[in-house]
Amino acid sequence: THTHGTHKQKQEARKGEIHHSAAMLIVLAQEHKEHLKFLTTVEQDVVAEFARISMEFLQTGVNPKVYSGAAKKLGVPTETVQHGVEGVMYLLVECSKLKISELDFHDSVMTLGFAEELNQTLLQLYQDNQQEVRRILGELSISVPTYKDLQWRLDAEVNSRTLRQQAEPQVVLQLDTETNTASSTQLLEIDVTNLVHLTEQLEQALKEVRTSHYRRVTRSCK
């Protein structure tokens, strides 16, 4: 009965994941909506230039001189150009991280009230740059060591005339981890009380991994 129930839960979880992935939308904050509104006042080639600047900044970092140069050409404040570029960059990054479909992209920008021509321009920019954005984000991501092996021993002094009080046993751990490029070994010493607390925290973390919130976050980070 327990096995059947677990299988049923897995089926329901899969259904939930499928349903979620069928509508992967970007929720834009009001600040980002305001930044993107500037795009309605410029030509389509300017929007494309903002996307080019966004990609350049993702790779090499922000260059304030580019903002001022573009602002001078357009006859607008530097801050306006900066917000416009940041708005396009945010849209490209968030959509690329989630690899949203063409339909979901349209639904995501619908709330902006843009003309269809501008929507199509943004869609084309997203599709043209999606793979490159994901490559850049992958290079910028932190490489977190993963578990490889764990060995332990219990150290306890059981008989000594010099002991005036009972000594608390110590647990010595050898933790081996690895990344894509290297392996490392850490030696840790901990008393039983703290080891029990650490075990409880790890068990709680494993429970969190099984939650729907964790799955949503990890999908967003991929």
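Author: The secondary structure of this protein comes to nine helices and three strands. The model is a predicted one. From the N terminus on, the elements run α-α-α-α-α-α-α-β-β-β-α-α. The protein has 222 residues, of which 27% count as buried.

Reader: What makes Ser 54 a buried residue?

Author: Buried means under 20% relative accessible area. Ser 54 has 0% relative accessibility, so Ser 54 counts as buried. This residue is found in helix H3.

Reader: Which residues does Ser 54 touch, leaving out those up to four places away in sequence?

Author: Ser 54 touches Val 85, Val 88 and Met 89. A contact here means heavy atoms within 4.5 Å.

Reader: Which residues have the most contacts inside the largest nonpolar core?

Author: They are Leu 39, Phe 50, Val 85, Ile 100, Phe 105 and Leu 122, in a core of 39 residues. Helices H3, H4, H5, H6 and H7 each give two or more residues to this core. H5 gives the most, with nine residues. As for Val 85, the residues it touches beyond four places in sequence are Phe 50, Ile 53, Ser 54, Phe 57 and Tyr 67.

Reader: Why is Trp 152 called exposed?

Author: The word exposed is used over 50% relative accessible area. Trp 152 has 62%, and therefore is exposed. Trp 152 is found in strand S1. Together with Leu 154, Val 192 and Val 196, Trp 152 forms a nonpolar patch on the surface, with about 410 Å² of accessible area. Strand S1 and helix H8 are the elements that give two or more residues to the patch.

Reader: How do you know that Lys 37 and Glu 34 form a salt bridge?

Author: The cut-off is 4 Å between a side-chain nitrogen of Lys or Arg and a carboxyl oxygen of Asp or Glu. The closest N and O atoms of Lys 37 and Glu 34 are 3.7 Å apart, and the pair forms a salt bridge. Side chains of opposite charge can pair when their charged atoms come close. Lys 37 and Glu 34 are separated by about one helical turn, because they are three residues apart in helix H2.

Reader: Why is Lys 37 called partly exposed?

Author: Partly exposed covers what lies between the 20% limit for buried and the 50% limit for exposed. Lys 37 has a relative accessible area of 42%, so Lys 37 is partly exposed. Glu 34 is also at 42%, and therefore partly exposed.

Reader: How many salt bridges does the structure hold?

Author: The structure holds six. One of them joins Glu 132 and Arg 135, with 2.6 Å from N to O. Both lie in helix H7, three residues apart, about one turn of the helix. Glu 132 has a relative accessible area of 27% and so is partly exposed, and Arg 135, at 37%, also counts as partly exposed. Asp 155 forms a salt bridge with Arg 153, the closest N and O atoms being 3.0 Å apart. Asp 155, at 31% relative accessibility, counts as partly exposed. Glu 49, Arg 52 and Glu 56 are linked in a network of salt bridges.

Methods. Residues are numbered from 1 along each chain as its sequence is written. This is a predicted model: local features need pLDDT of at least 70, side-chain atom pairs count only at pLDDT 80 or more; totals for chains, interfaces and linings use all residues. Side-chain values use heavy atoms; hydrogens and water are left out. A nonpolar core is a set of buried Ala, Val, Leu, Ile, Met, Phe, Trp, Tyr and Cys residues joined through side-chain atoms within 4.5 Å. Buried means under 20% relative accessible area, exposed over 50%, partly exposed in between (1.4 Å probe, protein chains only). Helices (H or I, at least four residues) and strands (E, at least two) are DSSP runs, numbered from the N terminus. Patches are made of residues with over 30% relative accessible area and no salt bridge: like charges are joined within 9 Å, nonpolar side chains (Val, Leu, Ile, Met, Phe, Trp, Tyr) within 5 Å. Accessible areas come from the Shrake-Rupley method with a 1.4 Å probe; for residues, only the protein chains shown count as cover.
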